[in-house]
Amino acid sequence: MKVSPSLLSADFGHIAREVEMLNRSCCDMIHLDVMDGVFVPNISFGFPVIKAVSAVHLMIVRPEQYVSQVRDSGAALMNVHQEACVHLNRTIAEIKRAGMKAAVTLNPSTPVCMLEDVIGDLDMVLLMSVNPGFGGQKFIENTIAKVGRLKELIARTGSHAEIEIDGGVNAETAPRLAAAGADVLVAG
Ligand code: ZN
């Protein structure tokens, strides 16, 4: 099981110290929630902070505008919302052409079947287990069954995509998510 700590819970007054602490820890990658105040009802980090981390989860409208900027900031993985991309196939191709791993996120209300035609191109699928916008929310229980449905889709299509979960991950939900088939857990 991989762990991806979210910088949303960091002490922003000492962000360099927080990132150094994570770099010395056994975590696998740092997760950065970029919020635009349009796609989600909150605003978080911009490009100066993106430069410090490896995995960028863009909770923004029109994320395809920022592919080269995210790549130039050194991110290894770019994660966009299915709900924010009208031309998702094209956006995934552009992320991969830029040399990054491609991930797509589904909001709690978006079914797994929306990824049926792109799953073979994805390195990761992130299931939101809360409605995106804020840290510290309560886990949405349907996520456990949804991990199973995603696992089925991945097996049926021969995709190599990892399953990541974001929101409400704690000591109670983490083992259940692992048992359901999640590969990476984001935690605050
Ligand atoms: Zn996230």
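Select His57 to begin: with a relative accessible area of 0%, His57 is buried (buried means under 20% relative accessible area, exposed over 50%, partly exposed in between, with a 1.4 Å probe and protein chains only). A word on what you're looking at: this is a predicted model, where local features need pLDDT of at least 70, side-chain atom pairs count only at pLDDT 80 or more, and totals for chains, interfaces and linings use all residues. Residues are numbered from 1 along each chain as its sequence is written, and side-chain values use heavy atoms, with hydrogens and water left out.

**The zinc ion**

Which atoms coordinate the zinc ion? They are NE2 of His31, OD of Asp33, ND1 of His57 and OD of Asp166, at 1.8 to 2.1 Å. Donors here are N, O and S atoms within 2.8 Å of the metal (3.2 Å for Na, K and Ca); water is not among the atoms, so sites may look incomplete.

Try the angle tool next. The four donor atoms make angles of 93 to 137°, and the site is irregular. Four donors count as tetrahedral if all angles lie between 85 and 135 degrees; four count as square planar and six as octahedral if opposite donors are over 155 degrees apart and all others between 65 and 115; anything else is irregular. For reference, ideal angles are 109.5 degrees for four tetrahedral donors.

Along the chain, the donor residues follow the spacing H-x1-D-x23-H-x108-D. His57 sits in strand S3 and Asp166 in strand S7 (residues 162-166), so this pair ties together parts that are 109 residues apart in sequence. Helices (H or I, at least four residues) and strands (E, at least two) are DSSP runs, numbered from the N terminus. Asp166 is buried too, at 7% relative accessibility.

**Met128**

Select Met128, in strand S6 (residues 124-128). Met128 is buried, with a relative accessible area of 3%. Beyond its neighbours within four places in sequence, Met128 is in contact (heavy atoms within 4.5 Å) with residues including His57 and Asp166, which you already have on screen. Also among the contacts of Met128 are Met59, His81 and Thr143.

**The cavity**

On a 1 Å grid over the protein atoms alone, a cavity is a set of points where a 1.4 Å probe fits but cannot get out, and a pocket is an open set with protein on both sides within 12 Å along at least five of seven lines; lining residues have an atom within 4 Å of a point. Grid points are joined across faces, edges and corners, and a volume is the space filled by probe spheres set on the points.

Which residues line the largest cavity? Select Met29, His31, Ala55, Val56, His57, Leu77, Asn79, Met124 and Glu164. Strand S3 gives the largest share of this lining, three residues.

Move on to the largest pocket, with about 230 Å³ of space. It has 21 lining residues, and the closest to its centre are Gly135, Gly136, Asp166, Gly167 and Gly168. Strands S2 (31-35) and S8 (184-187) each supply at least two residues of the lining.

From Gly168, step to Thr173: these two are in contact, and Thr173 also touches Phe139. Thr173 lies in helix H6 (residues 173-180) and counts as buried at 3% relative accessibility.

**Two loop stops**

Select Arg62, in the loop between strand S3 (55-59) and helix H3 (67-72). What is the phi of Arg62? It is positive, about 50°, although Arg62 is not a glycine. Most residues other than glycine have a negative phi. Arg62 is partly exposed, with a relative accessible area of 49%.

Finish at Met114, in the loop between strand S5 (101-106) and S6. Met114 is partly exposed, at a relative accessible area of 44%. Draw a C-alpha to C-alpha distance from Met114 to Met35: the two are 23 Å apart in space and 79 residues apart in sequence.
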